[in-house]
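Visitor: Let's go through this one quickly. Can you show me the model first?

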Amino acid sequence: VLWGVTKRQAWAFAGAWFFLILSVTSSFMPYSDLVFEHRMYLPLAGVVSIVVIGGYQLGKRGMGRLKMAKEQRLKLSRVVALAIAAIVISALVFQTLRRNVDYRSQMVIWTDTVNKRPENGRAHSNLGKSLVIANRFDEALLHFEIACKYDPGDVAARHNLGQLLIDLGRIEEGKSHLEKVIRLRPNYSIAHRNLGRLFASEGKTDLALSHFLLAIQSDPNNADAYFYLAQTMEKLGRTREACDNYLLALKFDPHWSLALSHYARLLSSQDDPQLRNTGEAVKLAERAVALTQRQDPFDLETLALVYAESGRFDDAVRVSQETLALAEERNELTLAANMKERIKLYQAGRARSDSH
C-alpha cells in the first residue's frame with residue numbers, strides 16, 4: 001500500500017482507506033470494547049470496492065476473448081455476473097446468519113472464542129463468568145484456572161477465581177487469590193470489597209472496615225462498598241455512621257432495593273428519637289417493594305415491619321399475609337413460619353416481641 005501510494009496507484013487508495021480507518025481502533029492505545037468485528041465494516045468497504053472493480057475488469061477481459069457476437073457476449077456476461085453475485089451473496093448471507101448464532105448469548109460467543117483461541121486467558125475468564133451465571137461452577141472454576149495459567153497478571157480472572165472458591169466453601173484458597181490480586185493491583189476496589197465481606201463474615205470487623213475503606217478510596221462511587229461498610233457499622237452500634245453510608249450507597253445506586261430495605265429497617269428500629277424516622281423508613285420500604293414488583297420476600301417483610309413500627313398494624317398484617325403467601329409458594333419454610341408469628345404479633349397491635 002505504501003509503495004502504491006508513493007507511485008500514485010489508484011488501487012492504493014483502497015488500501016490506504018483500509019489501514020487508516022482501522023488504525024483508529026487498532027493502535028497502541030488501549031480499547032476496552034469486547035466486540036471487535038464491527039470495526040471491520042467500514043475499512044472493508046475499500047477491499048470490497050477493489051474486489052468488485054477487479055472482478056469486473058477480469059470478467060470484461062475474459063468475455064472479450066470469446067469468439068461470439070457482441071450481443072451474445074453481453075447476454076452471457078450478464079448471466080455469469082448474476083450467477084457469481086448470487087453465489088457470493090448467498091455465501092455471505094449464510095456466514096452472517098451462522099455468526100449471529102454465536103451472538104445469541106455470552107456463553108456461546110465466549111465458547112466459540114475459546115475454541116478458536118484456546119490460549120487466550122481473557123476468553124477463558126469471560127467464559128468462566130458466563131458459566132457462573134448459569135450455575136455451572138465446576139466448569140467455571142476450570143476456565144478461571146486456565147485464564148490465570150495463560151495470563152498470571154490478569155487480576156480480573158484471579159479475582160473471579162478467588163471469589164468463586166470462597167462461594168464454594170474453599171475459603172482459604174479463595175482468600176489467597178484475593179490477597180494476590182491486591183498485591184498485583186493495590187487499588188483493585190472489587191477485591192477489597194469482597195475481602196471486607198469475607199472478614200466481616202468471620203467477625204474480623206477491623207480488617208473488614210479497613211478493606212471497605214480501601215475499596216471506597218480506590219473507587220469513591222462504589223455503592224457496594226458503602227453498603228457493606230454501613231452493615232458493619234450497624235453491627236458495631238455506630239448507627240449514625242451506618243446511616244451516612246447507606247445514604248451514600250443509595251446516592252450511587254438509587255434503585256438498589258436491598259440497600260433501601262436495610263436502611264428502612266435501621267431507621268424504624270431505633271429507640272433514639274434523634275435517629276428514629278418511621279416516616280422516611282416507610283417511604284424507603286415502599287420504594288424497594290415497588291422496584292422488585294412485590295416479588296422479593298425480604299423487601300415485603302421489611303415493609304410490614306416498618307408499617308408496624310409506625311403504628312400501621314392493619315397494613316403490617318396485610319403485607320405480612322402477602323409475604324407469607326409468597327414464602328409458601330417458593331417453599332421458604334423458615335420465612336413462612338416467621339411470618340405466621342409476625343401476623344399474630346401485628347394483630348395484637350405490637351411491633352416487636354417481648355424478647356426483643
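Guide: Start with arginine 39. It is buried, at 13% relative accessible area. Buried means under 20% relative accessible area with a 1.4 Å probe, protein chains only.

Visitor: What should I know about the source?

Guide: This is a predicted model: local features need pLDDT of at least 70, side-chain atom pairs count only at pLDDT 80 or more, and totals for chains, interfaces and linings use all residues. Numbering runs from 1 along each chain as its sequence is written, and side-chain values use heavy atoms, without hydrogens and water.

Visitor: Where is arginine 39 placed?

Guide: In the loop between α2 (11–23) and α3 (41–64). Helices are DSSP runs of H or I, at least four residues, numbered from the N terminus. Leucine 22 is 17 residues from arginine 39 in sequence, and 7.0 Å away C-alpha to C-alpha.

Visitor: Switching to α7. Which residues are buried there?

Guide: Ala140, Leu141, His143, Phe144, Ala147 and Cys148.

Visitor: And what covers the buried residues of α7?

Guide: The cover includes α5 (106–116), α6 (121–133) and α8 (155–167). Contact here means heavy atoms within 4.5 Å.

Visitor: How many residues does α7 have?

Guide: Helix α7, residues 137–150, has 14. From first C-alpha to last it reaches 20 Å, close to the 20 Å expected at 1.5 Å a residue. That expected span is 1.5 Å times one less than the number of residues.

Technical notes: Helices (H or I, at least four residues) and strands (E, at least two) are DSSP runs, numbered from the N terminus. Buried means under 20% relative accessible area, exposed over 50%, partly exposed in between (1.4 Å probe, protein chains only).
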